[in-house]
Amino acid sequence: MRILQTVLILSLSALTGCQGMWTRIDAKSVAYKSDHYTVDLPTGWAHLQRNKVTVATRDGIGVQNITFVFREHDEAFEESKQKSTPEMLPSELADRYVAEVRATDEHGLPSLEIISDRPIKIDSRLGFELHLRFLNEDGLRYERLVSGFVNAAGFFAVSYQAPSLHFFERDRVTYQKVLQTFK
């Protein structure tokens, strides 16, 4: 959990630095465009963007968040010092993602469970979907869905994370709808 918190805190710290204010998503601001992708964000949520990371939340990042990350191949998995390539199989990407999650935690995130690991299509590209479960330092159980793929430009990951109790299932459908609009 420490790894996931660290990644999220560092990402959000960077987001709140020089650039970035939380922006409420209304009917006029649903369509979001970055340099590398477009996606429809959920109405009523708020989002923050900086560099190649965008975070959206309804009730606060500790309650639930949807995170969009793009990294060039050489920087795809910084903590574990691994790269991605345009030819990588979804199973290889999923393995590297799990290694990255473990590398972010000083103890290797011993509570991390892989609930499922399956191939999926994201905007007609073959990718992976992982369902992960872990405990944070206070013993609160979180779940994370992450979908990722590569193209010629780099590695893309879209994830949804929330506490298992109540929030994960409540907003899971919203995440699935958002993921379907990712292009």
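Me: In E9, which residue is the bridge partner of Arg-133?
Reply: This is a predicted model, and in it E8 and E9 pair in the antiparallel sense over eight bridges. In E9, the residue that partners Arg-133 in a bridge is Glu-143.

Me: Which residue in the turn between E8 and E9 has a positive phi?
Reply: Five residues lie between E8 and E9, and the two strands form a hairpin. Within that turn, a positive phi of about 90 degrees belongs to Gly-139.

Me: Over how many bridges do E7 and E8 pair?
Reply: E7 and E8 also form a hairpin, with two residues between them, and Asp-123 in the turn has a positive phi of about 50 degrees. Across this pair, Ile-114 stands opposite Leu-132 in E8. The sense of the pairing is antiparallel, and the number of bridges is nine.

Me: Where does H3 bend by about 30 degrees?
Reply: Buried residues of H3 include Phe-168, Asp-171 and Tyr-175, and the buried residues of this helix pack against several strands, among them E7, E8 and E9. The bend of about 30 degrees in H3 is found at Val-173.

Key:
Residues are numbered from 1 along each chain as its sequence is written. This is a predicted model: local features need pLDDT of at least 70, side-chain atom pairs count only at pLDDT 80 or more; totals for chains, interfaces and linings use all residues. Side-chain values use heavy atoms; hydrogens and water are left out. The bend at a residue is the angle between axes fitted to the seven residues ending there and the seven starting there. Helices (H or I, at least four residues) and strands (E, at least two) are DSSP runs, numbered from the N terminus. Buried means under 20% relative accessible area, exposed over 50%, partly exposed in between (1.4 Å probe, protein chains only). Contact means heavy atoms within 4.5 Å. Two strands pair if DSSP finds at least two bridges between them.
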